[in-house]
Amino acid sequence: ACEEIEMPWGTVKVAYTVHPDFVLRSPKWREVFHGDFARALRYFEGELTWTDPEIRIIKSASELAYSIKDLVEAGKPVAYDVETDAKNPLDARLRCTAIANEDLSIVVPALSIDGETRFFSPEEDAEVQAILCLFLKLCPLPLMGHNAGQYDRLVCEKELGITPRLAADTLLLHLLVNNEMPHNLGFVTSVYTDFIEAWKAAHTAVTARSDEELHIYCAKDACVTARISGPLGREIKARDQWHLLAKEHELQKIGTKMQRLG
């Protein structure tokens with residue numbers, strides 16, 4: 001992460017990485033350290049490559065329909081993410097869903113953080129869910145997600161009654177690329193993009209302070225997932241590991257069924 005800190009003499013840019021002594025004791029972190037250092041130099045010189053996506057928080061079924069059309073017409077891989085009110089997907093209620101490519105993130109609200117208020121009338125809600133479910137179930141583009149083959153899948157099956165047509169789980173992609181490193185979205189994003197905001201370290205979705213905060217958080221999750229899918233996929237293909245992904249997905253499905261059965 002990087003940030004600007006106000007000091008008595010002006011604004012100071014600060015970048016963070018793992019401690020060099022830790023890297024000496026754990027050489028597997030050397031590549032991460034080098035990457036963080038290079039990103040820090042780009043940050044100090046104003047040369048970061050990250051650009052914020054457009055975020056649309058949907059207010060009607062028709063807005064969702066034409067926003068999905070924009071994603072489809074762009075022709076780029078998309079990612080989806082769900083936010084809920086519990087860590088156990090079998091107990092969780094769906095608060096919002098985001099679908100995004102590298103440039104556009106669409107957030108579909110469902111349940112407020114107050115646990116009672118819904119964002120649409122029953123009729124509009126049914127139409128919104130029908131459009132969302134149709135897209136996730138029959139997505140004409142490669143559909144990605146981070147841990148989407150397990151947590152997000154269970155939530156979608158429980159709350160929406162559909163199984164998304166997942167092309168690849170980016171968590172599994174990173175597992176194949178480097179099985180010794182952390183696989184959480186915050187870490188993987190820090191390795192493969194110039195996104196410097198520590199949004200994962202500072203925020204837990206189930207403790208969002210406002211609906212807007214939760215929706216922006218969800219939008220960022222989906223967008224960064226879309227952006228890391230490309231470099232991860234290229235690494236998998238360069239390693240000639242793509243055939244292993246199907247096996248990983250099958251194992252993930254078994255784990256999901258075991259979790260559902262308890």
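1. The accessible surface of the protein, a predicted model, comes to about 13,400 Å², computed by the Shrake-Rupley method with a 1.4 Å probe. Carbon and sulfur atoms account for 55% of this surface.

2. Local features in this predicted model need pLDDT of at least 70, and side-chain atom pairs count only at pLDDT 80 or more, while totals for chains, interfaces and linings use all residues. Residues are numbered from 1 along each chain as its sequence is written, and side-chain values use heavy atoms, with hydrogens and water left out.

3. Nine helices and eight strands make up the secondary structure; these are DSSP runs, with helices (H or I) of at least four residues and strands (E) of at least two. The radius of gyration is 19 Å, close to the 18 Å of the globule rule for 262 residues, so the protein is as compact as a globular protein of that length. This radius is taken over C-alpha atoms, and the rule is 2.2 Å times the number of residues to the power 0.38.

4. Five aromatic pairs are counted. Rings of Phe, Tyr and Trp (its six-membered ring) pair if their centres lie within 6.5 Å; planes under 30 degrees apart are stacked, over 60 edge-to-face and the rest tilted. The ring centres of F33 and F37 lie 6.2 Å apart with planes at 35°, so this pair is tilted. F33 is buried, at 19% relative accessibility.

5. F22, W29 and F187 form one aromatic cluster.

Conventions:
Buried < 20%, exposed > 50% of the residue type's maximum accessible area, 1.4 Å probe, protein only.
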